Amino acid sequence: MDRATRRLEPWKIAVIVVSVIVGLALIIGLITFFLCNDQDRYYNVSFLINNVNYDPQYERQTTDEFRNLSEEIETMMSEVFKNSFLSKRYIRSHVVSLSPDPGGVLASVVLVFKFASADREATTWGHVNRVLRRRLQTTSMGLDVDQSTIRLTELNKEKGDNLLNNCCGIRREAFSFTGVERIIGGQRARDGEWPWQASIQLDGTHRCGASIISNTWLVTAAHCFRGGTDPRRWTASFGILLRPPKQRKLVRRIIVHERYGNVILDHEHDVAVVELASAIEFTSDVHSVCLPEASHVFPDNTSCFVTGWGALENDGYSVNQLRQAEVKIISTEICNSRQVYGGVITPGMLCAGYLEGEVDACQGDSGGPLVHANSRGIWYLVGIVSWGDECGKPNKPGVYTRVTYYRNWIRSKTGI
């Protein structure tokens with residue numbers, strides 16, 4: 001007896017074909033992802049430098065001595081990897097500590113590379129270790145590295161991020177700037193661009209900017225607290241958006257400079273520090289700026305950036321997304337001239353902006369940071385937004401509290 005041939009209905013065939021195609025696409029996609037997708041990999045390398053004597057100034061990462069030696073080491077690391085087959089994989093190096101050793105100085109450096117996700121960790125570690133040891137012998141730099149002391153350790157992403165995020169003034173990546181921008185009608189900041197920026201808020205409303213100087217301390221302007229210094233009414237938030245913020249913290253204590261408001265000139269001693277009730281969780285988007293040494297001099301015409309959520313025009317309203325402006329330090333002599341501020345700029349103040357106006361901070365930016373990157377790309381707090389004659393007027397640049405002048409006061413209150 002003939003049995004009838006059973007045929008699949010057309011719609012079932014279509015479902016099977018589509019399922020096979022989707023399955024193949026997923027498999028190909030996953031293979032491509034693992035073969036082509038790059039990921040950051042972190043390493044910690046330590047080694048002894050024989051021909052450098054340890055200087056106690058190396059204990060503080062903000063000293064010129066630490067910067068100079070770190071810059072030499074980071075340049076050496078760049079030479080080592082950029083002239084090797086890992087040149088396209090190498091991203092950056094960052095000195096995290098310089099320690100005393102009977103033989104000289106023990107350096108600890110974080111190395112960051114980008115490798116394909118599919119690359120085995122043991123293989124990439126071997127590549128980095130081999131290049132490091134071979135090329136440190138032949139690199140013609142002024143540092144004498146003891147080969148027997150080289151130790152290379154792979155770090156997981158969390159440890160690598162934590163090491164870098166706990167170094168002040170570092171940014172996740174290098175951002176490019178396109179000429180002069182301004183807060184008034186100017187350029188918006190991106191995530192992680194200014195990770196030390198904070199907002200301090202009175203009864204939940206943005207009042208002023210501030211700068212993170214440790215996981216529990218902020219520095220800002222004294223005049224921000226004319227509305228009162230009861231810490232229960234104040235909060236601090238972090239991230240480029242006021243709403244919603246990346247993190248929010250309660251305030252434990254507000255310390256305004258003792259001499260603020262006690263002199264005829266209301267703008268003198270316009271500095272305050274804020275202690276938070278709990279520690280900030282440092283991430284690549286939220287962490288501290290470096291404080292300069294009291295003796296450091298930022299030369300006239302130095303390029304700086306000011307950031308804030310302030311108004312886009314005089315007497316306007318604050319904005320929700322952080323903005324930035326590039327300004328230049330103006331000499332006190334010029335700023336005190338008759339046509340500018342007529343002699344009211346004191347040693348504890350500095351001017352920054354342009355005499356032609358336009359580029360400036362504005363209301364709501366008060367207390368926020370004026371920062372400058374040194375030759376290592378590490379950002380330092382130069383000034384605190386303090387006062388000015390309206391916003392962006394010709395011959396009326398922004399006036400900032402000079403951080404170096406109050407550096408010892410900040411240390412006396414915070415221990416930083």
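The model is a prediction in which local features need pLDDT of at least 70 and side-chain atom pairs count only at pLDDT 80 or more, while totals for chains, interfaces and linings use all residues. Residues are numbered from 1 along each chain as its sequence is written, and side-chain values use heavy atoms, with hydrogens and water left out.

## Overall composition

The protein chain has 6 helices and 17 strands; helices (H or I, at least four residues) and strands (E, at least two) are DSSP runs, numbered from the N terminus. Of the 416 residues in the protein chain, 49% are buried, where buried means under 20% relative accessible area, exposed means over 50%, and partly exposed lies in between (1.4 Å probe, protein chains only). Contact is taken as heavy atoms within 4.5 Å. Among contacts between residues at least 6 apart in sequence, 71% join residues at least 24 apart.

## Cavities and a pocket

Rolling a probe the size of a water molecule over the atoms shows where empty space is left. On a 1 Å grid over the protein atoms alone, a cavity is a set of points where a 1.4 Å probe fits but cannot get out, and a pocket is an open set with protein on both sides within 12 Å along at least five of seven lines; lining residues have an atom within 4 Å of a point. Grid points are joined across faces, edges and corners, and a volume is the space filled by probe spheres set on the points.

A search of the whole structure finds 2 cavities of 30 Å³ or more. The table sets out their volumes.

| Space | Volume |
|---|---|
| Largest cavity | about 70 Å³ |
| Second largest cavity | about 40 Å³ |

For the linings, Ala, Val, Leu, Ile, Met, Phe, Trp, Tyr, Cys and Pro count as nonpolar, Asp, Glu, Lys and Arg as charged, and the others, Gly among them, as polar. The lining of the largest cavity includes D191, E193, W194, K246 and D285, and its residues divide into 4 nonpolar, 3 polar and 4 charged. Residues that line the second largest cavity include H267, E268, H269, D270 and Y400; this lining comprises 3 nonpolar, 6 polar and 2 charged residues.

The second largest pocket has a volume of about 290 Å³. It is lined by 16 residues, of which C168, I213, S288, V289 and I416 are the closest to its centre. The lining contains 8 nonpolar, 6 polar and 2 charged residues. At least three lining residues come from each of domain 1 (38-164) and domain 2 (193-414), the bounds being those of an automatic or database domain assignment.

Within helix α6 (residues 407-414), the residues R407, W409, I410 and T414 are buried. They lie on the same side of α6 because they cover an arc of only 160° around the axis, the arc being that of the directions from the helix axis to the C-beta atoms. The buried residues of α6 pack against β8 (217-220), β10 (247-256) and β11 (272-276). Just after α6, G415 takes a positive phi of about 80°.

Strand β11 also holds E275, which is buried with a relative accessible area of 13%. Leaving aside neighbours within four places in sequence, E275 is in contact with T216, W217, V251, R252 and R253.

## Loop residues

S366 lies in the loop between β14 (349-353) and β15 (369-373). Its relative accessibility is 13%, so S366 counts as buried. Not counting residues up to four places away in sequence, S366 touches C208, G209, H223, C224, V385 and S386.

Most residues other than glycine have a negative phi, and most peptide bonds are trans. N301, in the loop between β11 and β12 (303-308), has a positive phi near 75° and is exposed, with a relative accessible area of 52%. N395, in the loop between β16 (379-387) and β17 (398-402), has a positive phi near 65° and counts as partly exposed at 27% relative accessibility. A cis peptide bond with omega of about -5° joins R243 and P244, and P244 lies in the loop between β9 (234-238) and β10.
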